[in-house]
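Here is a friendly set of notes to read alongside your structure. Take the points in any order you like.

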Amino acid sequence: MNTPLYRAMACRVHPVDGNLAVLTSDRWPSGRPVAALAASALTQCLAERTLEDHQRVVAASLRQSDPEAESTIGTLVALGLLLPVEAPAIRMTEAIDAPASIGAVGVVTADRPATLRRCLTSYCDHLRHRRRFPRVIVVDGSRGRESQAETERVVSELTSKELGITYVGSQFRRDIRARAVAHGLSESAVAWLLPDPGPQHAAGGNRNLLLLLTAGMPLLTVDDDTVCRPWRTSEDTEGMAFSGHVEHRQTRPFERREDVLESLRPVDVDLLAAHEALLGHSLADLADASDRSRDLNDVCAHILPGVDGSRPEWRVRATWSGIAGDGAVACPYPLLFSRGAARELLSASDGALRTALTSREVIRGVPTNTVSDEPSFMTYCAAIDNAGLVPPFLPVGMNEDGLFGGMLRMCDTSAFIAQIPYGIVHDSGRPAAFPDRHMPSATSVRMSDVIAWLAEPGMRQDLRVDVSVRMRALGDILIAAGSLPSGLFRSLLADRLVEAKCRTLRAAEVALGSGFDYPAHWRQSMRRYQQAVLTSLTSERLCVPVEYEHCSLDEALANVQRDLCGFGHALQVWPELWMLGTDESRSTDCR
């Protein structure tokens with residue numbers, strides 16, 4: 001007979017003093033006073049373990065003797081705070097599952113017709129092989145007429161009666177802008193969301209077109225320099241992990257792309273079905289379906305109500321895949337903050353970390369389906385539950401997909417993001433090597449960072465749950481910041497930036513003081529990273545995002561405020577523009 005597993009009830013801990021804490025929960029109308037020691041022990045019991053294993057964890061984390069830990073665990077069980085996994089109280093309500101069927105595959109491209117041909121061929125071959133026939137849409141952001149014509153020619157040559165491909169170019173962009181203005185929406189806000197042409201190296205405007213074209217249906221979006229060669233991270237991809245704030249993606253670094261491709265585990269999997277297995281599903285149903293194979297070892301208290309069914313509306317609104325080849329990150333140094341299995345893999349040898357900090361070439365992905373409380377998101381191969389309103393992408397600057405993940409969580413209080421244990425190949429043309437000691441995440445900021453730092457504190461205070469209402473509230477925050485007198489704005493931005501950088505410095509100290517036996521090279525790299533952060537804090541151009549580096553300080557900050565107002569006003573009109581898109585998405589001729 002299997003030994004029963006126990007898990008802490010989802011509670012929020014409010015410390016009073018060294019002896020007392022008060023617990024609150026979605027299941028109780030009031031607080032429950034408990035001993036501070038018991039509350040501390042409860043926070044260590046979020047994973048599903050036997051009582052004996054919980055005792056060992058509590059003994060180690062609270063430095064108790066074995067008899068003391070046994071008594072503490074017994075107290076939690078007696079109080080009904082540590083429950084058997086199969087207890088009825090853990091399954092309070094039936095989840096309201098609505099699995100998503102991906103109706104469109106969208107490719108965002110610009111000025112790379114040859115790269116697009118390779119990408120489209122690979123995904124169309126995959127779809128035909130799996131007998132899947134969604135709409136395939138190519139959104140072209142090419143700036144030159146020759147590139148536009150060649151891109152449209154590629155689409156025309158690859159389309160077939162069995163699997164049609166729709167080309168979306170400048171004419172559609174102009175048409176939808178005109179229709180939106182005729183509908184009464186702000187011309188400047190619509191133009192800001194759908195620039196024509198878009199800023200160079202900024203894909204957000206084209207991603208917005210894709211969202212409008214597929215409004216009302218789930219979609220898979222892929223970048224034009226990816227290749228559909230599915231692979232898996234591990235031999236055993238079954239199960240379901242629920243994670244708090246631990247990076248579950250495992251990184252295997254390489255110096256050459258050839259070595260990456262030779263090391264892949266190819267798999268004959270339906271890529272759309274792999275995303276559909278999570279997309280649109282409630283956390284409770286995913287937890288129930290995985291049964292004993294679920295992994296809660298790195299879970300946090302916030303995600304637990306979704307797992308145990310007390311928040312049946314919490315569901316996966318976006319999923320993304322693993323990546324092989326170019327890792328698609330601007331800076332490798334955040335890997336220094338890895339924990340769990342990701343840290344173990346990188347710390348196996350100095351060589352692994354050295355390669356990870358100097359080369360873009362990786363195999364990176366989760367070993368099993370993983371839902372996280374983090375907003376991390378990348379769109380090189382990702383699915384979005386666009387059946388309901390989602391936020392637009394930032395059409396200026398970099399990291400528009402990372403900001404999208406954050407905004408999705410801010411605007412939709414029920415939304416979570418998940419990763420699948422299968423990946424694709426990112427065969428970019430960038431050189432494998434990063435510049436020496438390349439640390440832009442320590443030394444610079446991006447416009448997406450500025451928006452997140454300004455928006456998150458205010459959105460945490462907003463108790464409303466309607467997505468469109470919250471989206472407009474987010475717009476209000478950005479407009480208010482963009483409308484401040486220049487001196488006040490610079491002071492506000494400096495405060496938020498310094499707060500963020502100091503969190504990074506503290507995180508480095510916590511990591512190095514965690515008791516993990518970091519290799520010497522890891523510690524040296526972390527110290528260099530800390531010093532780079534400190535040095536950046538003394539720069540006169542501290543508050544200037546990299547997208548505005550070419551401007552004088554005053555001009556750069558004025559442009560930042562202009563674009564904050566632009567994005568704020570765009571968020572005000574996006575819900576109605578998206579609704580117009582639900583009509584457009586039924587059209588088959590988007591030229």
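In which hand does H4 pass H5: is the crossing right-handed or left-handed? H4 passes H5 in a right-handed crossing, where right-handed means that the near helix is turned clockwise from the far one by less than a right angle, and left-handed that it is turned anticlockwise.

Before the details, a word on where the values come from. This is a predicted model, in which local features need pLDDT of at least 70 and side-chain atom pairs count only at pLDDT 80 or more, while totals for chains, interfaces and linings use all residues. Residues are numbered from 1 along each chain as its sequence is written, and side-chain values use heavy atoms, with hydrogens and water left out.

1. **The H4 and H5 pair.** Helix H4 spans residues 113-129 and helix H5 residues 145-158, and they pack at an angle of about 20° with their axes 10 Å apart. The two are therefore roughly parallel (angles under 35 degrees count as roughly parallel, over 145 as roughly antiparallel). Axes here are lines fitted to C-alpha atoms over the stretch in contact, with angles from 0 to 180 degrees between N-to-C directions. Helices (H or I, at least four residues) and strands (E, at least two) are DSSP runs, numbered from the N terminus.

2. **What lines that contact.** On the H4 side you will find Pro113, Leu116, Arg117, Leu120, Thr121 and Arg128, and on the H5 side Glu150, Thr151, Val154, Val155, Glu157 and Leu158. Contact means heavy atoms within 4.5 Å. By class there are six nonpolar, two polar and four charged residues (Ala, Val, Leu, Ile, Met, Phe, Trp, Tyr, Cys and Pro count as nonpolar, Asp, Glu, Lys and Arg as charged, the others, Gly among them, as polar).

3. **The H19 and H20 pair.** Helix H19 (residues 486-512) and helix H20 (residues 520-536) pack at about 160°, their axes 10 Å apart. That makes H19 roughly antiparallel to H20, and their crossing is left-handed. Among the residues that meet are Leu505, Ala508 and Leu512 in H19 and Met526, Tyr529 and Val533 in H20. This contact divides into eight nonpolar, three polar and four charged residues.

4. **The largest core.** The largest nonpolar core holds 150 residues, and Leu76, Leu120, Phe242, Val371, Leu564, Phe567 and Trp574 touch the most other members. Helix H21 (residues 553-584) gives the most to this core, with eleven residues. A nonpolar core is a set of buried Ala, Val, Leu, Ile, Met, Phe, Trp, Tyr and Cys residues joined through side-chain atoms within 4.5 Å. A second, separate core has 21 residues, including Leu346, Ala356, Leu512 and Val533.

5. **Trp574.** Neighbours within four places in sequence aside, Trp574 is in contact with Leu193, Asn208, Leu211, Leu212, Leu389, Val390, Pro391, Pro392 and Met471.

6. **Val139.** Val139 is found in strand E7 (residues 135-140). With a relative accessible area of 0%, Val139 is buried (buried is under 20%, exposed over 50%, partly exposed in between, using a 1.4 Å probe and protein chains only). Val139 and Arg207 are 68 residues apart in sequence and 7.9 Å apart in space, C-alpha to C-alpha.

7. **Two phi values to look at.** Most residues other than glycine have a negative phi. Asp111 has a positive phi of about 60°, and lies in the loop between strand E6 (104-109) and H4. Ala328 has a positive phi of about 60° too, and is found in the loop between strand E14 (315-326) and helix H13 (340-346). Asp111 is partly exposed at 34% relative accessible area, and Ala328 counts as partly exposed at 25%.

Key:
Angles under 35 degrees count as roughly parallel, over 145 as roughly antiparallel, 65 to 115 as roughly perpendicular and the rest as oblique.
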